[in-house]
Amino acid sequence: MTSFDVMFYVIGALTLLSAVIMVFSKNIILNAIGLLFTFFGVAGIYVMLGADFIAATQLLIYVGGILVLLLFGVMLSQRITGLEMRTGTLQVVPAAIVCVGIAAILLRIILTTPWPQAKVAAPAPTTSKIGELFMTTYLIPFEIVSVLLLAALVGAAFLGRRDAR
Amino acid sequence: MMPVGLTHFLVLGAILFCLGLLAVITKRNAVTVLMGVELIINAANINFIAFARYLDKDLDGQMFGVFVIVIAAASAAVALAIVLNIYQRMRSVNLDEADSLAG
Amino acid sequence: MDNPILTQALIVLLLPLAAFVIQIFVGKRLPRQGDWLPTSAIFIGLILAITLFGRMLANYDPAFKISHRFDWINIGSLQISFGILIDNLTVIMLVVVTLVSALVHLFSIGYMHGDVRYSRYFAYLAIFSFSMLGLVLVDNFFGIYIFWELVGLSSYLLIGHWYEKKSASDAAIKAFITTRIGDIGMLIGIMIILATLGTFGFDEVFAGVADGKLSGGLLTFAGIMIFFGAIGKSAQFPLHVWLPDAMEGPTPVSALIHAATMVAAGVYLVGRTFVFYSADALLFIGVIGTITAFIAATIAITQMDIKKVLAYSTISQLGYMVAALGVGGYMAGLFHLMTHAFFKALLFLGSGSVIHAMHHAYHELHDHHSDPQDMRNMGGLRTKMPITFATMLAATCAISGVPFFAGFFSKDAILAAALEKALTSHNPIHMVIFGTLLLCAGITAFYMFRLVYLTFFGEPAKKEVHHHAQESPTVMTVPLIVLGVLAVAGGYGHWFEDLVTKPDLAAYATTALVSPAVPEAGHEAAHTAHTMAMWLSIFAAGLGILISTAFYYWKKFSAEAMAERFKPVYNFLWNKWYFDELYAKTVLAGTHLFSRISGWFDLKVIDGLVNGVAKITVLGSRLSGWNDNKIVDGLVNLTANVVGWFGATLREVQTGRVQNYILMALGAVVLLYVLQLAFA
């Protein structure tokens with residue numbers, strides 16, 4: 001058991017635990033906090049996989065952006081609805097059966113596929129390489145994504161207007 | 001116990017994916033369903049990056065990861081706007097009440 | 001993509017798409033509602049296509065063929081590549097499609113003037129042009145299926161252009177669903193190809209067939225299944241019922257989609273994949289085409305709506321082309337496809353011009369009830385609309401096979417091919433095919449001249465309408481003249497025969513020759529067949545024209561008296577062989593089977609029980625009567641409850657809740673995986 005392994009199990013357990021809280025808690029604020037720690041855990045996983053840039057992006061965008069957005073949504077719907085903080089559940093038993101089934105399928109595929117287990121080189125900083133790729137191979141997707149973001153922002157602003165049709 | 005490798009990350013991703021699925025299917029509140037969607041996206045992203053690490057010598061997988069994060073952000077913004085809109089129409093964010101397509 | 005020809009073809013393809021995108025979003029705000037945008041796009045495409053065509057004539061190389069492809073989807077063993085393929089046939093189709101499309105765009109500017117959805121109409125025309133060009137250019141079965149559906153969609157949109165009219169929206173739905181039935185067959189065929197050969201590309205598939213990887217009964221079956229797509233799209237028997245109804249769309253659309261291009265796509269498909277069909281599949285194709293040609297021609301004799309006559313004539317001519325391919329007349333069928341595109345588009349546009357004039361005449365008379373398409377209300381329009389008359393007469397001569405018009409050459413080639421096959425194959429069916437096709441040539445001449453006589457000759461049926469009718473504006477007559485010239489001159493020269501040669505399956509073989517090349521029947525036989533077919537076809541056409549003239553010009557015989565005398569036959573033809581009724585009956589049976597069974601159950605079992613119980617009640621005491629009431633009620637309620645329970649249960653599936661749908665979809669995934677594990 002190397003320190004790498006220990007780290008994996010610790011971070012993985014943290015991630016899964018927070019995800020479980022996120023899924024099974026009935027309190028919407030607790031859901032959001034569970035999600036926050038899941039995102040942190042996933043960022044840790046990224047670091048372990050040598051993806052330093054993505055880990056940073058994960059923290060910036062998910063923790064800083066999306067989660068705040070979600071919390072904002074919670075508070076907003078809270079304020080205007082006067083909703084209670086609890087969230088109900090639907091069709092729990094069939095959903096549980098199906099999800100376990102899907103999990104079984106996925107695990108079976110993962111465990112039976114002979115993945116090439118070659119150990120890869122030590123992680124190197126990726127940021128500058130990613131930046132380079134963005135401006136060369138991935139230039140067109142990069143531009144398209146930026147247009148998409150703009151469109152999404154305009155669309156969200158339009159949909160979110162109070163007097164939207 | 002075998003040393004941590006690709007399989008471990010994939011298993012972690014699969015479990016996260018199924019937890020997200022569970023949230024999407026069972027939660028009544030639209031905002032919580034969105035959280036479940038984000039969980040699913042994260043699970044998929046773990047797979048991308050794990051594959052990039054263990055199978056791919058290039059950074060293609062990581063590039064995909066970046067795009068996934070960006071698009072997830074865009075979808076979250078739009079989805080929340082839609083949720084607010086649903087609220088304005090139905091005075092509720094409960095998805096089981098949004099069933100005007102019922103046969 | 002360094003080849004200039006490929007680039008040029010791609011530009012031809014993409015221009016209408018660009019025009020569509022602009023037109024659909026901002027068309028309404030452009031000056032003149034943007035009609036000039038798709039029109040100029042298609043005209044530029046036409047010019048490019050004509051330069052390609054000139055290049056083809058200059059090179060005069062029958063083996064000319066270039067292609068380019070790229071990987072599109074790559075999943076493990078499944079690799080779908082996408083590409084374009086250009087050979088002589090493609091270039092000719094490009095010219096035909098862009099030319100007819102460009103002229104129809106031009107004509108529409110006059111015809112659709114003042115329409116409510118003028119800009120959207122042009123957007124739809126553009127998306128149609130794009131899909132049709134894509135269908136012609138693409139180099140694999142998968143791509144052809146995609147564009148196949150796209151032309152179906154644009155056809156649906158354009159038939160239903162005046163969707164406020166119930167008949168128009170009904171016709172659009174009918175066309176869409178009927179052609180879908182054929183498309184399912186086509187999809188099955190494509191899946192067989194994928195399953196056995198593992199590829200979609202035309203060349204690879206043909207190579208696979210040549211190497212014998214797909215052969216025998218399965219090859220025949222796959223060929224017939226692919227041909228099913230053509231049956232739907234090209235309105236072949238038994239799926240021809242949608243095309244006459246599709247005439248509810250604007251007349252220029254009928255000319256473009258339902259006469260010249262889209263309906264010919266089926267013929268093009270069979271031509272493009274010609275080597276794929278086994279002898280048995282070809283026989284099937286020939287028989288279907290012949291049946292279609294005959295049925296439609298006979299129906300066309302009795303119809304009174306000018307567009308209906310042309311619709312049935314289109315079906316009949318398509319049957320002709322399909323039959324030609326079926327008897328191995330590859331060149332003849334495709335040649336007829338080209339000439340037919342010109343003269344049938346001309347006939348439709350000419351009828352559009354007539355309808356336009358009639359419509360305006362009625363409009364000025366404030367008559368909103370008379371049908372501007374009914375030939376009984378026309379007559380004597382020759383003097384009023386000289387250009388329309390002259391061009392339509394040329395087209396009529398062409399379709400009837402009058403010598404020295406374009407249709408004569410192609411029709412003659414088809415008959416010659418059929419006769420040659422009949423003489424060499426010793427199969428009586430091929431003799432029947434030839435005889436029927438010859439008969440159809442006569443019938444075609446008859447009903448087409450009937451149309452001309454009723455519309456343009458004789459005394460005007462309504463004096464005041466005739467007085468108000470006038471020639472259409474220049475923007476509408478110019479396309480007529482261009483097409484008229486082509487209907488006269490389109491068949492000259494031997495370039496088509498020289499450049500579009502029959503593909504040979506053996507040429508695709510990658511391994512050593514599997515089937516030794518069958519020696520073609522001697523030139524002697526071909527020549528004899530050709531001469532004989534030519535005289536026979538002139539004779540049939542002459543006879544048809546003569547009878548028509550006797551009936552409708554000299555009035556030696558009365559058509560009404562004839563109809564009276566052969567009343568059952570007349571009714572049978574007038575009602576289009578009762579196909580619609582037949583389908584209504586069978587569909588009714590299918591959809592209401594369950595309700596009829598329930599009805600029977602209700603009538604016999606429940607009523608029988610009720611009656612029996614009633615008798616006992618009469619015989620029995622009040623007490624037993626009270627008991628029986630309970631039982632009867634119980635039974636009745638039980639059936640009601642059972643039916644109600646089924647309804648409620650099935651209704652539950654359609655909850656309208658997204659999360660339910662996700663759950664069911666995922667459940668299905670799990671189920672499929674388990675099934676796969678269990679059976680594989």
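The model is predicted, so local features are given only at pLDDT of at least 70 and side-chain atom pairs only at pLDDT 80 or more, while totals for chains, interfaces and linings use all residues. Residues are numbered from 1 along each chain as its sequence is written, chains are lettered from A and ligands numbered from 1 in the order in which they are written, and side-chain values use heavy atoms, with hydrogens and water left out.

Let us start with chain C. Its secondary structure comes to 27 helices and two strands; these are DSSP runs numbered from the N terminus, with helices being H or I over at least four residues and strands being E over at least two. Of the 680 residues in chain C, 53% are buried. Here buried means under 20% relative accessible area, exposed means over 50%, and partly exposed is in between, with a 1.4 Å probe and protein chains only. Now take the contacts in chain C between residues at least 6 apart in sequence: 80% of them join residues at least 24 apart. A contact means heavy atoms within 4.5 Å.

Just after the helix, G198(C) takes a positive phi of about 70°.

E164(C) lies in the loop between α5 (141–159) and α6 of chain C and R117(C) in the loop between α3 (88–111) and α4 (118–137), so the pair ties together parts that are 47 residues apart in sequence. E164(C) is exposed, with a relative accessible area of 54%, whereas R117(C) is buried, at 11%.

K165(C) also takes part in a salt bridge, with E248(C), at 3.3 Å from N to O. K165(C) sits in the loop between α5 and α6 of chain C and E248(C) in the loop between α9 and α10 (251–260), so this pair ties together parts that are 83 residues apart in sequence. Both ends are partly exposed: E248(C) has 25% relative accessibility and K165(C) has 39%.

Since D183(C) lies in helix α6 and K233(C) in helix α8 of chain C, the pair ties together parts that are 50 residues apart in sequence. D183(C) and K233(C) are both buried. Elsewhere, R69(C), D139(C) and E204(C) are linked in a network of salt bridges.

Now to the backbone. Most residues other than glycine have a negative phi, and most peptide bonds are trans. Against that background, Q33(C) has a positive phi near 55°; Q33(C) lies in the loop between α1 (4–26) and α2 (36–59) of chain C and is partly exposed, at 28% relative accessible area. F404(C) has a positive phi too, near 75°. The loop between α15 (386–400) and α16 (406–425) of chain C holds F404(C), which counts as exposed at 58% relative accessibility. A cis peptide bond, with omega about 5°, joins F237(C) and P238(C), and P238(C) is found in the loop between α8 (216–233) and α9 (242–245) of chain C.

Finally, where do chains A and B meet? The contact takes 86 residues from chain A and 69 residues from chain B. The area buried between them is about 7100 Å², and carbon and sulfur atoms give 78% of it; buried area is the accessible area (1.4 Å probe) that two parts lose on being put together, summed over both. Across this interface the rule finds zero salt bridges.

Technical notes. A salt bridge is a side-chain nitrogen of Lys or Arg within 4 Å of a carboxyl oxygen of Asp or Glu.
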